[in-house]
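Here's a friendly walk through one protein model. Have a look at the sequence and the structure, then read on.

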Amino acid sequence: MRKTWGAFAERGSKWEKMPGENTRMLPKAAHEERKKQEAKRRGKLKTMAGKLLKAVASGKEAAEEKAGSEDVAGNLLKMATSRKEAEGEMPAEETICGFIEQGKFFEACDHIYGLEHSGNDGAGKAESLYTLLAERMWTVVGEALSGSGRMFLEPLQSVGESLKWEKQKEAEWLGSGQETESVSTWSPNFWRKDLEEKLIQYMTAQIPPFGSSSNTDETALKQHLSQLEMTFLPSLEHRSDFFKEAGLLVTYARCCRASLSSHLSTLTDSNNFSFSQCLLVYEWGLKMYKSGSETCLRPRQTLQPSLSLGVQCLVWIILKTEEKLLAVARKEVGKALKEAFDIGKPPCADAAVIQILTEKTEAAWRVSESLSEKVEAVCLEECLRFLESYENEVRSFLQLNGCLGICSSLRILENCCILRTVWHKLTYICSASTGQDVKVNGFLDKMEDEITEHFLQTVTSKAKGTLKDHFKKCDSGFDHILESLKQSFLAFGKKKTDTYEALVKAVNVIIITEYVQALLTTSRKPSSVQRRRIVSKIEEDHRMLQTIFKECLGPAAGPLKDPIKAILGLIQTSDAEGMKIALLPILKEFPDLRKEHLSAVLDIKDSLSREDRTALLKAFHDNCRESEAEANLLFADIEVKPRKYGLCGCFCC
């Protein structure tokens with residue numbers, strides 16, 4: 001760069017020493033004046049060249065520096081044209097500046113190239129002149145873009161010729177075996193890229209604003225896309241004629257596509273862009289692709305083959321938007337499912353969940369059937385992903401909340417029922433694969449088993465703790481447990497499912513078993529008053545149990561086993577013969593009833609003589625049978641310690 005600056009600075013001294021007859025014939029005063037003018041011009045040229053080199057070194061593109069560069073060219077041209085022929089031949093630099101100022105960029109390229117290969121410090125001078133030439137070319141491009149394109153058609157054509165010249169020289173340079181590194185650092189090698197940046201910068205500035213990136217208004221987006229179609233693209237199309245005549249249409253069209261693609265990509269990449277907004281952009285791109293409009297985005301097929309990139313560009317926009325659309329669909333479906341099945345909130349209706357999974361597919365189907373299939377696949381995949389995460393969430397919830405409430409457990413079970421119903425319906429609506437179906441049902445079965453086991457353990461623990469002193473206290477809280485269960489079951493939305501019915505029946509067995517266990521292990525020597533109070537409490541509890549489970553199960557409550565009723569019937573029978581008769585159906589219904597169970601029941605019977613007790617135990621011995629391997633045997637798990645008195649070896653014990 002020092003050599004180049006020196007070349008500009010020394011130019012005046014060379015001119016001053018040029019021989020010429022007219023110079024020697026000047027009068028002394030005129031000669032002195034001439035020397036002053038030359039010195040003044042040398043200083044001015046040195047200052048302007050310094051400004052040019054400073055702009056080149058710093059790479060700044062500020063308007064004032066561009067203006068400075070243009071002044072350099074203008075002033076150099078004025079200096080060159082004001083020379084008298086008598087001074088001799090015009091220097092190459094001045095000739096080149098003249099071409100640049102006149103917009104004859106192609107001619108300037110040839111002269112600069114000649115200067116570059118002339119030896120001495122020509123390469124340094126050429127570098128500065130290439131920079132000046134590029135600045136002036138981009139100024140012409142900017143003026144052509146600003147609306148006065150026809151006025152700058154000739155210089156714009158010269159810009160196109162200069163770019164072709166650069167390509168040709170580059171090819172010649174490479175063909176001659178020059179080092180690749182030298183070619184890659186050659187200043188004109190960057191012209192095409194600089195031109196594209198200039199064009200994209202201008203076109204991007206012309207795009208109508210869309211407000212903030214957080215704008216989620218679909219109406220505003222429709223209006224914005226309409227502005228792109230009706231205003232932005234036609235304005236670019238209008239100016240494309242000048243660039244076509246200048247031989248720059250390929251570059252111009254590529255920049256049009258790049259600016260539009262970048263803008264749409266920026267829009268859809270916003271975190272606030274919804275599925276419906278992405279779908280609008282996708283639909284717009286598809287519309288532009290199908291419209292066949294011969295814009296700079298989709299040039300005529302009869303033009304150069306490279307212009308078919310218009311179709312590729314639109315396809316790229318559509319594919320990128322589709323990619324974003326599917327990602328947003330996955331995100332929104334996952335979020336909606338998580339909110340719908342929040343463990344801490346009441347379950348939602350299965351219809352609402354189905355809508356979450358199908359509304360996006362239906363919206364996409366109105367635009368494109370193939371897109372709809374992809375959206376459907378994404379929604380099904382997200383449903384599977386959610387089930388997996390929900391299973392982990394439930395397991396973690398159970399670990400952190402070991403004593404999970406009855407209500408929370410039932411809520412999770414109901415969610416499983418809803419998910420099963422939803423998936424069953426989706427298999428008819430969507431194209432779910434067999435593998436997906438097996439996987440979903442596997443998740444649900446596993447979750448239901450785990451939460452059911454935990455729920456029943458919770459019910460058992462609460463019932464056992466409450467009934468421990470139930471027959472010794474006036475208020476043990478047993479009625480509160482039953483009321484809580486009733487309210488939770490009645491709030492269960494999926495009462496017509498097998499899961500619900502099996503769950504209520506399992507709870508009934510647990511409550512009855514724990515109740516009978518507590519009853520038969522109460523004090524074995526109650527007073528007469530205590531016996532009457534116990535019987536009264538059994539009657540009251542039995543009515544409450546019957547009411548609650550009938551209300552929860554409806555008609556299905558009929559066939560439930562009722563050992564409490566059997567026990568009441570036995571101890572409320574007044575005579576021994578009647579008790580023997582009442583004992584027979586009990587033995588048939590409950591074959592797992594053992595002697596110690598019957599003995600504990602008879603302890604509750606008021607005013608039962610020793611002889612009657614012995615007769616009843618003998619009747620039990622005569623009619624009892626080995627219990628077969630049956631399911632849901634009630635007395636099998638009830639442990640009652642044998643009485644420690646009456647070791648006479650008879651049936652009365």
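Predicted model: local features only at pLDDT ≥ 70, side-chain atom pairs only at ≥ 80, totals over all residues.

## Thr95 in its helix

Thr95 sits in helix H5 (residues 92–102); helices here are DSSP runs of H or I with at least four residues, and strands are runs of E with at least two, numbered from the N terminus. Thr95 counts as partly exposed because its relative accessible area is 23%. For that label, buried means under 20%, exposed means over 50%, and partly exposed is in between, using a 1.4 Å probe and protein chains only. Thr95 and Ala108 are 13 residues apart in sequence, with 8.2 Å between their C-alpha atoms.

Residues are numbered from 1 along each chain as its sequence is written, and side-chain values use heavy atoms, leaving out hydrogens and water.

pLDDT is the predictor's confidence in each residue, from 0 to 100. The protein averages 77, and 76% of the residues score at least 70.

## A helix with a bend

Helix H15 (residues 350–365) has 16 residues and spans 22 Å from first C-alpha to last, close to the expected 22 Å. That expected span is 1.5 Å times one less than the number of residues. Where does H15 bend? At Thr358, by about 35 degrees, taking the angle between axes fitted to the seven residues ending there and the seven starting there. The buried residues of H15 include Val353, Leu357 and Thr358.

## Two helices meeting

The axes of helix H20 (residues 498–520) and helix H22 (residues 563–571) come within 10 Å and cross at roughly 35 degrees. Axes are lines fitted to C-alpha atoms over the stretch in contact, with angles running from 0 to 180 degrees between N-to-C directions. H20 brings Ile512, Tyr515, Val516 and Leu519 to the contact, and H22 brings Pro563, Ile564 and Ile567; contact means heavy atoms within 4.5 Å.

## A buried histidine

Is His597 buried or exposed? His597 counts as buried because its relative accessibility is 0%. His597 belongs to helix H24 (residues 595–604). Leaving aside residues up to four places away in sequence, His597 touches Leu520, Asp592, Phe635, Ile638 and Val640.
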